[in-house]
Every structure is written in C-alpha cells, then in structure tokens.
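Visitor: Please take me through one part of this model closely. Keep it brisk, and give me the cut-offs as you go.

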Amino acid sequence: MHKILVKEELVPNMHLVKFSAPAIANKAKPGQFIIITIDEKGERIPLTIADWDQTEGSITIVFMEVGTTTQRFALFNAGDSIDSLVGPLGIPAHIEKVGTVVCVGGCYGIAAMMPIARAMKEAGNKVISVIEARSKYLLFWEDELKRVSDQLIVTTGDGSYAPQGWIPDQLKQIFEGGEKADLIFAIGCTYMMKLASETSKPFGIKTIVHLNSIMVDGTGMCGCCRVSVGGETKFACVDGPEFDGHQVDWDVLLSRQRSYHDEEILSLQEWESRNWRGTR
Ligand SMILES: Cc1cc2nc3c(=O)[nH]c(=O)nc-3n(C[C@H](O)[C@H](O)[C@H](O)COP(=O)(O)OP(=O)(O)OC[C@H]3O[C@@H](n4cnc5c(N)ncnc54)[C@H](O)[C@@H]3O)c2cc1C
Ligand code: FES
C-alpha cells in the first residue's frame, strides 16, 4: 500500500498527487514513469513522475481525468492509500549540454516536462519552455516552469491569455524569429506531439517525444505498448518512452490508442451508473 500525502485539484480535471515512495524517490530520473493500481481490482495505468523528494521520500504525479480509472482515482484524498505503485520505469531522458532546448508541454505534459526542463537547465542549456491550454483557467505550474526556464511562452486556444494559438504556432514563431534551437522535448497529448514533430521537421531540429501508448506490465513482457519508430517495432515501456518524433509512425500509435475505445465507454457508463453518489 502506498499512502497519499498530498492530493490537490490543480485546475478542473487535473490532479496532483504526492505519494510516500522512498525507494522510487531515491532512484527517479527525469522522463521516467510509474505504474499504479488504485485498488485490488483496478487496472494498471502509467503516469509520469513530475517531481520527487529524496529527503521526504515522496514522489509527485499530475494526472488528468479521462476515463474510469483516472475518474475513480480523482476521488482519493490525502491519507488514503493505493494498492500498488511500481517504478521508476522507462529509460530516463538523455540530459546533456546541447545549447538551446525547447521544452514543450500540453495537458498533463506541463508537469511531466518539469524535471526535464530543470535538468536541462542545470546541465547549462538555455531552456525555452512552451506550454498550451485550451483556456487560461486550465493552465497550471506557470511559476514552477518559469523558475527552471530562461523564457516561458504560454499560449491558449481561446486567446483568454495572450497570445492565442497552439504549440505548433509558437514553435514556428520561435524558429522563424531566428532562434537557433538545438533540441526539442515534447510531452502531452499524442496529437500535440505529432504536430510539434511535423512543425520542427522542416527546420531540421531533433525532436524527442514521450510516447503514451497503452501499457499493461511496463516491463517489456506483454507487448501491449508496441509502437513503430523508424520502421522498427519498439516497446514504449522499455525502449522509451522517449523516441525521435520525426521517426514515429503517428497513425499506428493513434489507432492503437483507440483499440479499447468501446470498452472504455462501457466501463465508464457502468461505473457511473453504479456510483451515482460519487463514491469510488
Ligand atoms: C509512459 C506514460 C506516461 C503517462 N503519464 C501520464 C501522466 O503523467 N498524467 C496523465 O494524466 N496521463 C499520463 N499517461 C496517460 C494515462 O496512463 C492514461 O490517461 C490512463 O491510463 C487512462 O486511464 P483511464 O482508465 O482513466 O481511461 P480509459 O477510458 O481507460 O482510457 C482513455 C484513454 O487513455 C489511454 N489509456 C487507457 N489505458 C491506458 C494504459 N493502461 N496505458 C496507457 N494509456 C492508456 C487510451 O488511449 C485510452 O483511449 C501516460 C501514459 C504513458 C504510456
Ligand atoms: S507495457 Fe507491456 S511490453 Fe510495454
């Protein structure tokens, strides 16, 4: 059992959870993830480690409510415990001094990007962070990212917090404005990472994306998370989650992510019908 030390709704449907997990806090590296099971009948879901504190023995994740498990998890509170927590998993981000690094984050990726931006800054890079949200009220961790970035660019889809637009618009402006970016990291929804990769390709800027394929064991055993990168089959859990965004077959990834779409809707309907009082 892993105890929840802090639980906070950062913005609607986006939650921060700090767990007691000393062993994982001692080993965590930027870009790695955990797999949790919220109770004995729960499914395994992967979440990126957004922060950790070795002294406190804690790790922090930020998750978005999308389906049954994340909606049930949102009903947990500080003091509750979850059934299991495995990690750190995945190959850590490759941190080195390359020059100027653009760190791109959307939805949960704003938090997931944080350790990478911080480590790239500590390695001596100029860090430009670019984050997006549909609207101002969905933005979070702006100050946190400012602290680890030389420049923070925020963009909102509805223009409620200028400038109006999405990450690809901002990337184009950065590159066309003459900024010589050496590397891009992108974490967040698949479509955003695909568009960020397509935007950077003509400029020849290496773009590392964090693939969020469906995972079960997270240790290379089940094959569920397979993706196609550069024409080769890779397992996102053990070969990634970092991959070259210009080599990823995005259509395969997007279609595999929808594999259980009907079952996910049924599961949510079933849970909602049985839990009308909002109990998990
Ligand atoms: C390496 C990695 C890191 C991730 N980090 C974060 C994070 O930090 N914060 C966050 O909010 N989300 C993160 N995700 C996505 C998160 O795992 C899914 O949103 C979650 O599993 C959805 O579960 P659900 O039951 O609520 O939704 P469901 O209704 O079951 O599924 C909704 C969609 O989520 C995806 N999904 C469902 N089950 C899984 C699964 N077992 N593994 C991966 N994707 C799944 C599918 O594309 C599906 O269509 C990450 C995914 C991966 C692979
Ligand atoms: S999740 Fe099973 S092989 Fe990657």
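Guide: Start at Asp158. Setting aside neighbours within four places in sequence, Asp158 is in contact with Arg134 and Ser135. Contact here means that the C-beta atoms of two residues, placed from the backbone, lie within 7 Å. This is a predicted model: local features need pLDDT of at least 70, side-chain atom pairs count only at pLDDT 80 or more, and totals for chains, interfaces and linings use all residues. Residues are numbered from 1 along each chain as its sequence is written, while chains are lettered from A and ligands numbered from 1 in the order in which they are written.

Asp158 sits in the loop between β10 (151-156) and α5. Helices (H or I, at least four residues) and strands (E, at least two) are DSSP runs, numbered from the N terminus. Asp158 counts as exposed because it has 12 C-beta neighbours inside 10 Å. The scale is simple: 20 or more other C-beta atoms within 10 Å is buried, 12 or fewer is exposed, and in between is partly exposed. Asp39 is 119 residues away along the chain, and the C-alpha atoms of Asp158 and Asp39 are separated by 38 Å.

Helix α5 (residues 167-176) packs with helix α6 (residues 190-200) at an angle of about 20 degrees, their axes 9 Å apart. α5 is therefore roughly parallel to α6. Axes are lines fitted to C-alpha atoms, for helices over the stretch in contact, and angles run from 0 to 180 degrees between N-to-C directions. Under 35 degrees is roughly parallel, over 145 roughly antiparallel, 65 to 115 roughly perpendicular, and the rest oblique. The crossing of α5 past α6 is right-handed: the near helix is turned clockwise from the far one by less than a right angle.

Who makes the contact? On α5, the residues are Ile167, Pro168, Leu171 and Lys172; on α6, they are Met192, Leu195, Ala196, Thr199 and Ser200. By class, that contact has six nonpolar, two polar and one charged residues. Ala, Val, Leu, Ile, Met, Phe, Trp, Tyr, Cys and Pro count as nonpolar, Asp, Glu, Lys and Arg as charged, and the others, Gly among them, as polar.

One more stop on this helix. Phe175 belongs to α5. Phe175 has 19 other C-beta atoms within 10 Å, so Phe175 is partly exposed. Not counting residues up to four places away in sequence, Phe175 touches Ala181 and Phe203. Leu85 lies 90 residues from Phe175 along the chain, with 40 Å between their C-alpha atoms.
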